[in-house]
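Dear colleague,

I am passing on the structure below, together with some notes on what came out of it. Please read the notes alongside the coordinates.

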Amino acid sequence: MRVRRRLVCAAAYAVLTLGGVVVLFPFFWMLITSFKPFDEIFALSFWPSRPTLDNYLQVLTATRFPRWYLNSLVVATATTASVLFFDSLVGYTLAKLRFPGRDLVFVLILSTLMIPTEMLVIPWFVTSSERGWVDTYWGIAFPGLMSAFGVFLMRQFFETLPDDLLDAGRIDGVSEFGLFRRIALPLVRPAMSALAILTFLGNWNAFLWPLIIIQSDAMRTLPVGMALFSGEAGSAWNLIMAASGLAIVPVIVVFGIFQRQIIEGVVLTGVKG
Amino acid sequence: MAQLARRAQPLLARKRRGLGPSVPLRWQRALWAYAFLAVPLAFFLSIRIWPAVQAFNLSVHEWNIVGEAQPYVGAANFRELAADPRFARALLNTLQYTVVGVPLQLALGLALAMLLEQVRWLRGLLRAVYFVPYVTPVVAAAWVWQWLYSPNFGAVNGVLDLLGLPPQPFLNSPEQALYAVVAMVVWQNLGFQVVIFLAGLQSIPRVYYEAAGMDGAGPWRLFRHITLPLLNPTIVFSVVIGTLQYLQLFAQVVNLNFLDQGGPLDSTLTVALYIYQVAFQRFRMGQAAAATVVLFAVMMAVALLQLRFLSRRVEY
């Protein structure tokens, strides 16, 4: 029995390691190509014979990559802040306050989850053109300022808080907003960080709507800039891979730091959602 | 005495600050709730619900975005869609992506999660490795995969060559391109799937396995009669979420074949890409809106069917 258990364990390690190598291979190939000079990229070598940083320098100086970074950062930060505030407030209200029409509001918000983004982008674009929002930060960000998914997630968490806690606060004369802000909110911090990370990633990676609403080179977000730049770069794969590296590596570094919170957040959404 | 005064203070303060004793406390709280909900409700009504209504309305009108004229055309947009072989192709492709991709990522995800359960040492690291693609920006990852798939210089063909296998055209072949796209999407979602299944597996009480093991059940029967039924909620969740995602596939398809989006020969075209092209390249807003209505209907129907037929209540 003991021997069998050991064998199973060894086989598991072997398969998991092999799978891990396959999963990481695209990153490895991207990185080595990004350090190769142009005349070397079509050789199938697993190491650059003359490693160079030129590709990165060229992407950073000949394109507006730094600006696209900034744009993505601005949009993703603003939408995340907005989602955190409003979704937690709505989730709290739906979970902890009694008022006529509560179930209706909840169903209304939840039902928007079933509407595909493709259906909304056409009216969004029409509205944006009429009001001059095309090619502005506001135009890129406004559809993401709140999320029904976040409302659902936060409501689930606020429901686990005991009502007595809030009633105690009420007796002490804490205002209704104070109850939310000072008593309820600090108790759902794990859910907040999960929501923050997932919202930020979602907006950082958003592609369809930014592709439609952005028209100038300067307003591109990273995914849109990356796609159009790669389309124009043709077969200069060393440059495209350097650009990909610039887009991917910071995200992986952030993931490395917040790995536990990110994975726990996903678990929470999967189990609770 | 001083203590009593301190305790009474907040009560008095609330009476002064609140809407006065004439409004019952219950109403006051409801008013607060409506105040909290005012801005979010306005948002969901105007940025989600109303645009959806507009899309439905637009689907029975003809409009080229520049002109004022939006003549009512009845079901003409839908008839045109039904007659368009490209739309039929987009629908079929999208269903094919879903039917291939969702079961594949579920099966691989479950297998990897069960293997991860077997190991103690390095489990966290291995789990993180599988999760990295999920946090990787889609557009950048798609370009890396395009480079891997390149027929003459790609690493995948390099590996095939090492194994003595003939080179494959992958994204350049109408037969293989769709599967090449699926492979990348599965690669991206796998980590998510593994993490969800790990959580699901850990929620199954050990005693079931121990009891069944004592009764002499082998590994296959344990899997078939304990693991699978008790994982049902996790599986239903993954199937529904995965399906909704595959039905809206867009960024990966566009960036894996940027110069011939949806190609070769429309073999990777999806409904979302079709809508984008009709709306923002050919500016036929009415017809694009009609296509979004069809997509909406498909998503609703599939999700409801899955919830109806997959959910089972299991009690032991």
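**Notes on chain B**

In this predicted model, the end C-alpha atoms of residues 91-306 of chain B lie 19 Å apart, and the span is 75% helix and 0% strand, where helices (H or I, at least four residues) and strands (E, at least two) are DSSP runs, numbered from the N terminus. For these residues an unreviewed UniProt entry lists "domain: ABC transmembrane type-1"; UniProt positions follow the numbering used here, feature names are shortened, and annotations may be inferred rather than shown by experiment.

Residues are numbered from 1 along each chain as its sequence is written, while chains are lettered from A and ligands numbered from 1 in the order in which they are written. Local features need pLDDT of at least 70, side-chain atom pairs count only at pLDDT 80 or more, totals for chains, interfaces and linings use all residues, and side-chain values use heavy atoms, with hydrogens and water left out.

Ala272(B) belongs to helix α13 (residues 271-280) of chain B, and with a relative accessible area of 2% it is buried (under 20% relative accessible area; exposed is over 50%, partly exposed in between; 1.4 Å probe, protein chains only). Leaving aside neighbours within four places in sequence, Ala272(B) is in contact (heavy atoms within 4.5 Å) with Glu118(A), Gln248(B), Leu249(B) and Phe250(B).

Val132(B), in helix α5 (residues 123-135) of chain B, is buried because its relative accessible area is 9%. With neighbours within four places in sequence again set aside, Val132(B) is in contact with Phe27(A), Ile252(A) and Phe255(A).

Best regards
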